[in-house]
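The following paragraphs lead the reader through selected features of the structure shown here. Please keep the sequence and the model in view while reading.

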Amino acid sequence: MAERVYEGLDPEARAAVPQLLLRMVMPATPGVEMPRVLTTVEVESLARDSAATGPPGAGTAVERGLGGLLSAGLVVREEDGFTLASPALPRAWPRMRGWLEADREGLLVHHRMSDAARLWHEHGRKTADLYQGTRLEEALRWAATGRHVVTLNRIERDYLDAGVALTHRRTRRRRLVTVALSVMLAVSLGAGALAEQQRRVADGERRKVAAQLTEAVSRQLVAEAETLRPTDPALGMLLTAAAWRLTETDVTRGGLYGSLAQPELDVFTEPGARGGAAHGMAADGTTFAAVSDGRARVWDVRTRRRIADFPVTGVENVTAVAVSPDGGTVAVGGAKEVRLWDVRSGRQVGDPIAGAVTGGGGLESFWPGRGPVVGFSPGGGLLITRGDFDDGVRVWDLEDRRVVLGGREKEPDIGNVAISPDDKVAAVVARTGPTGVTPLRVELWDLAGGGRLRTLRLPAEEVIEFTGLAFSPDGRTVAVSGSKGVVLFDTGTGARQGEAPYAFGAEDLGGSGENLQLTPAVFTADGRYLAAADVRGTTRIGLWRVGRPHDAAHVFPGEHGETVPGMWFEPGDTALRVLTGGGSVTRLDVGPFTRPIRFAVDETGPAALIRARRALSPDGRLLATINATTRDGNGAVVRLWNVGDGGRAGDPVAELRADTGGDAGEEVTLVNVAFSGDGRTLAALTGQVTDRTVTLWDVPTRDKRGSFPLTSGQDDIPVTGERMALDRDGGLLATTSAGASGAGTSVHVFDVRERAQLGMVYAPYADTLAFAPGGGTLAVNGQESPLIALPGVRAAEQPFGPNSSHVSGVAYSADGRTVATVTSSGRISLWDARTRDRIGLPIEGPDSPLGTTVLRFSPDGRILALATGHEVHLWDVATHRRLGLRYAQHAQDVNDLAFSADGSTLYSVDEDGALRAYVIDPERAAERVCARAGRDLTEAEWRRHAGELPYRPVCGQ
């Protein structure tokens with residue numbers, strides 16, 4: 001909270017905050033601070049030195065800063081001044097801790113001097129109360145060279161000035177004596193001076209060794225965090241935050257970014273768990289049960305609190321455990337029967353379900369779609385038992401322990417089953433012949449009245465014995481997951497949903513052919529997304545956006561050979577809990593996919609336009625979008641959306657109309673949009689292959705600056721404008737025009753003010769254009785990757801050395817001194833823009849970048865961001881070190897990146913209109929890491945991982 005209050009103040013008030021807070025603490029021992037009262041006199045003196053820079057009536061910067069601290073409850077008013085509301089604030093707030101550590105050695109000197117100055121002032125400024133001798137020298141030395149954050153107020157300055165003046169007067173009277181004594185003193189202290197010098201050298205060496213040790217420990221913490229991500233991700237995240245608190249280096253900063261990029265939030269494994277236990281989970285993914293050695297243990301996986309522990313008797317060879325949807329009942333299945341226990345009392349509920357035969361363990365390894373051997377229905381009133389092959393599947397009514405589906409006359413043999421959310425309908429895999437004989441079919445059955453409702457229209461050869469089945473939350477859709485993919489059906493009509501053969505299939509999960517081994521799907525509560533796991537080889541969990549087949553898939557990699565008995569979305573659908581065959585429960589962050597900031601853009605239009613075009617402003621404040629339209633006299637629609645300009649990201653800001661030219665009623669088959677380098681000019685391109693128009697606006701005022709047709713002056717070379725860029729002030733515009741298969745690409749440069757082409761350069765496979773911030777050159781990617789001199793439009797081929805593979809991305813740093821390139825093989829190089837010499841060795845980036853490639857420097861040039869395909873990567877420019885893990889938080893190709901003006905945030909937008917924001921500021925990143933972990937590092941964990949270094953809290957309160 002303290003950081004939010006601080007950030008909410010104006011710059012002048014923020015500057016006053018450390019002056020106020022550091023006067024409210026008195027350092028005692030290292031890491032311990034005593035409270036101190038900031039007197040009203042001190043505040044008034046500080047305020048007199050502070051100009052009233054705020055709005056009329058807002059008071060001085062000191063008054064505004066103190067007012068903000070009081071309003072937030074961080075500071076309280078005492079009878080004679082102000083003090084901290086909590087003595088823990090210096091330890092809990094990283095920024096204040098930094099201020100305190102910077103001035104710790106001098107604060108004692110300052111506070112003693114400040115108290116003496118106040119006494120001097122309040123008692124008539126008597127000469128006898130002035131500092132002299134050692135105390136004065138100590139205070140002057142600190143004031144001149146030892147201060148980092150704290151400043152002196154007017155009373156303190158007057159006090160020191162008066163002390164110096166008194167010393168000068170006395171010095172004149174004693175000068176002769178002092179000269180004689182100084183000669184004698186110089187002789188007598190010669191040996192002492194040497195000893196003092198040796199002591200200082202030794203102290204310096206000790207501090208150096210201590211700093212090296214601290215940095216080594218911080219690096220070790222980052223390395224340990226990497227190994228903990230799959231088994232104890234919360235602890236791993238906290239270790240990276242601890243590493244940053246110890247030393248602020250590129251390694252520890254990368255650790256923070258890695259903790260924000262990892263999808264794993266937590267892993268629950270039963271404490272003291274032994275092999276051979278059977279496990280089950282409630283449908284909300286929060287209640288976990290394990291049965292072994294004749295006892296059942298029930299846990300809340302969120303709090304890691306054991307809810308119950310009771311004996312389980314009468315079940316022979318326990319092979320399956322299930323937990324009711326409300327977490328109140330545990331079912332335990334064995335070789336001959338299933339018994340139920342009440343979790344609260346630990347007592348058995350009702351009679352055993354006799355004759356229920358549960359299958360032996362391990363079948364899910366071969367038939368993951370089969371689902372758990374024992375499972376409750378969504379409503380909790382029915383129980384499903386699955387037997388080994390010939391034993392079939394049964395659905396039981398728990399109230400009277402009777403079979404309602406399976407094994408009865410006129411019912412088919414059932415290979416698999418799923419129950420609708422209202423417990424009224426069952427989807428089954430029905431056998432039409434002897435066991436193991438095809439064809440099979442998927443049918444819907446009425447559980448209340450009995451009888452078949454309808455057969456789903458799925459070709460028989462696509463159904464296998466244990467095809468996975470799942471209902472959507474509203475019961476209107478059933479998902480069938482088999483060896484070729486997932487198919488969705490309308491339960492009301494039995495018809496397949498969508499035109500694609502498979503809504504989600506092998507190509508989404510990195511496979512091909514009929515080799516998927518899919519678990520039953522699980523839907524989010526709103527039915528907009530579903531997930532399924534493919535457990536062949538290395539487990540992959542696919543997450544898809546329903547209604548967008550092959551359009552919004554994301555894959556979470558898992559462990560090799562790991563089975564997945566069940567998955568559940570948490571309430572809110574921002575996290576997915578995955579139960580593995582080994583009994584651990586992994587919590588995955590799916591919020592970036594299920595709850596994205598998505599810009600609603602009308603993408604209707606001709607089939608040739610697959611996507612609306614989008615561009616982020618260079619400072620990350622705005623997003624511009626443009627989509628196809630019919631020439632109706634109104635022009636194509638250009639929309640501006642808020643991204644990082646205050647308010648809520650995703651809100652519309654303005655709607656503009658681009659001139660389209662041509663005849664009314666004609667389709668606009670290509671659109672594009674771009675900002676100038678300073679973000680003040682917006683250009684939109686619309687038209688057809690031989691008829692392109694560019695419209696320009698002033699972004700701050702939204703005023704249209706006019707439009708003009710794009711023509712090359714040569715009939716055989718149309719300007720198609722697949723890619724477009726503006727220079728810094730919007731005076732030059734560059735576009736690409738692709739020939740057959742893109743190989744005949746040319747780059748055209750236009751003078752916007754003169755509405756005329758300046759020249760053209762052939763640039764095979766060019767699709768990225770980057771103007772130098774200072775003007776004079778245009779860098780282009782592609783096979784030759786030319787550097788074009790402006791305004792003459794003369795090209796130098798391969799200006800940054802020969803490439804074995806063509807350049808897929810290029811970008812300038814904000815100061816124009818550095819150029820970054822990335823090749824199609826993933827090698828990144830940094831170049832001196834003036835000499836064109838390579839800076840250091842190449843950086844090994846991602847292997848064979850796919851899709852759109854975007855490079856961006858942070859405003860200070862210290863970080864390089866690369867977007868390729870669905871991923872975003874970060875590097876430290878000075879060290880060439882990768883910063884953290886890849887951010888895999890997009891379901892479609894990223895088509896633009898932008899840093900905020902202060903470099904604290906990076907934004908990315910993909911082809912589906914989804915926006916992501918990445919915290920770059922390390923302090924904010926550390927706070928976000930702590931929030932993801934949900935707790936602080938304990939002293940025991942600190943000792944175990946940081947050794948003998950003094951414990952310090954990692955996360956603020």
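The buried residues of helix α12 are Asp 250, Val 251, Thr 252, Arg 253, Gly 254, Gly 255, Leu 256, Tyr 257, Gly 258, Ser 259, Leu 260 and Ala 261, where buried means under 20% relative accessible area, exposed over 50% and partly exposed in between (1.4 Å probe, protein chains only). Twelve of the twelve residues of α12 are thus buried, so the helix is largely enclosed by the rest of the structure. Helices (H or I, at least four residues) and strands (E, at least two) are DSSP runs, numbered from the N terminus.

The model is predicted: local features need pLDDT of at least 70, side-chain atom pairs count only at pLDDT 80 or more, and totals for chains, interfaces and linings use all residues. Residues are numbered from 1 along each chain as its sequence is written, and side-chain values use heavy atoms, with hydrogens and water left out.

An open sheet is formed by four strands in the order β47-β48-β49-β50, with antiparallel pairing; two strands pair if DSSP finds at least two bridges between them. Its edge strands, β47 (769-771) and β50 (794-796), each pair on one side only. Between β48 (residues 777-780) and β49 (residues 787-789) there are three bridges, and Leu 778 stands opposite Ile 788 in β49.

Because Phe 708 lies in strand β42 (residues 703-710) and Phe 750 in strand β45 (residues 746-751), the pair ties together parts that are 42 residues apart in sequence. Both Phe 708 and Phe 750 are buried.
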